[in-house]
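Please find below my comments on the model, arranged as numbered points.

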Amino acid sequence: MMERKGHEKGNRSILEPIPLDLKKKKKTRSRLTHHQKDVFCGDKSPPGKKLHVILPFDMEVETLTRLPGKSLMKFLCVSKTWYSLIRSQRFVASYYAAKPSRFVAAFTNSVFGDPKRLFVFSGEEEEEENNSSSSSLVANLDMTIPSVTLSHGSFKYSSVHGFMAGNDETTFIICNPSTGQVITFPCKATSTRLGYDPVGDQFKALTLLTSRYDHMHNPSLMCTHEVIRLGRGGVVVSRSRFTSPPYRPMTAGLSINGFIYCGASVPVPVPNQQDTPSTRVFVVCFDVRKERILSFITTPKEVLVWKGFTSLIEYKGKLAVVVPNCLGCASFDRFDLWILEDVTKHEWSRQSFELPLPLPFTLGMGKRMISQGTNKAGEIVFSPAILPGRAQPFYVFYFNPVTNNMRRVRIHGVADTEEFWSRYGLTGTCCASFSPQHADSIALL
């Protein structure tokens, strides 16, 4: 009996309430995903204690798309997860769509001076149209590329889907101001243009191998072209050739929506005068995806009256040409805007405008204001073809075709100080190029 009572007593001890502190489970540290971040607690928590908060993936992407491209290039070294995210095709496309366009100004040291160097600046556009007659923007030096120069005339650097491209003799240069990537590769001729295929997401370079000297001896000679396909890392994936009817390029190429356009003269046989054929002007259209000359677009001769000094631009998604009406070939206060309304029917429209003040337009190596496009507000932008002088302000002019108002905008930072000229040894006449709407991209070739 005593043993049973003792046993029952022992059972009662087992059933007694468990102390509260024994109920507390031992905390285990859960494994964090790459969306979880360590955040320090406030003043009420013990010093140094951290909390784990979850940052949604969409918010993480939204945050990264707000950063400059060069910052993202540094973040590639943070972790494998961030590298995979930033380099993913989905994120690159989201960044391209989210970032507003920027203006890019590029210039090189004198063609006859040393050291040869390409300077690339960029800056943010004005968020909305400025109604004042004068304002200013700030440009930052993004990159310098040694041993590169710009030629005179219309062959400037072009903006193609986030990349800048241009020729230095038989060397083709492609660079991305947002990432700092520079690609150079040799071409077999001096006339090379960059295009982008939006369907296949591929860059291709088109080189015209047949020279003007070949056509001098044989005007009816078929033109031979080389298409260079570019892969990741700027590697030349392949080269192929095709031929087309004869033509002689007159302008720099312009890439719009998967096509490359350039102004050209085409020999036209004259009855009973086979030895001296006449020429007509056309706009040659190259299909980047199909890699062939799509058409020779019939063009009024007034469109390409300035020949090599003609600039093709994109105007509201269409090919257009700004044709100055010069006053004694030194300046112009009027210009015609020719727009290719229908590519298939070869239909052009013309609008004439008068400027509030004349702009210089001297051929050769003189001062000349040219248009290389419009800003997002639809204003036609005129920029200098050469730097205005040693340590002089760099001005561009914005013309509104709706109100006929024009304003002058100073771009601070573009070689406008004596210190800059001395540091880089700039001399003589420096050729310049200006792209009003350059897409900000972190894509790598």
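1. What is the mean pLDDT of the protein chain, and what share of its residues reach 70 or more? The mean is 83, and 81% of the residues reach 70 or more; pLDDT is the predictor's confidence in each residue, from 0 to 100. This is a predicted model, in which local features need pLDDT of at least 70 and side-chain atom pairs count only at pLDDT 80 or more, while totals for chains, interfaces and linings use all residues. Residues are numbered from 1 along each chain as its sequence is written, and side-chain values use heavy atoms, with hydrogens and water left out.

2. Where pLDDT is low, the predicted coordinates should not be read in detail.

3. Helix H5 (residues 80-87) and H6 have axes that come within 5 Å and cross at roughly 55°. Helices (H or I, at least four residues) and strands (E, at least two) are DSSP runs, numbered from the N terminus; axes are lines fitted to C-alpha atoms, for helices over the stretch in contact, and angles run from 0 to 180 degrees between N-to-C directions. H5 is therefore oblique to H6, given that angles under 35 degrees count as roughly parallel, over 145 as roughly antiparallel, 65 to 115 as roughly perpendicular and the rest as oblique. Leu85, Ile86 and Arg87 of H5 meet Gln89, Phe91 and Val92 of H6.

4. E4 (residues 117-124) and E6 are joined by 6 bridges, and Phe119 has Thr144 in E6 as its bridge partner.

5. A further open sheet has 5 strands in the order E5-E27-E26-E25-E24, with mixed pairing. Its twist averages 30° from one strand to the next.

6. Ser101 lies in the loop between helix H6 (89-98) and strand E3 (102-108). Leaving aside neighbours within four places in sequence, Ser101 is in contact with Glu125, Gln437 and His438.

Definitions and conventions
Contact means heavy atoms within 4.5 Å. Two strands pair if DSSP finds at least two bridges between them.
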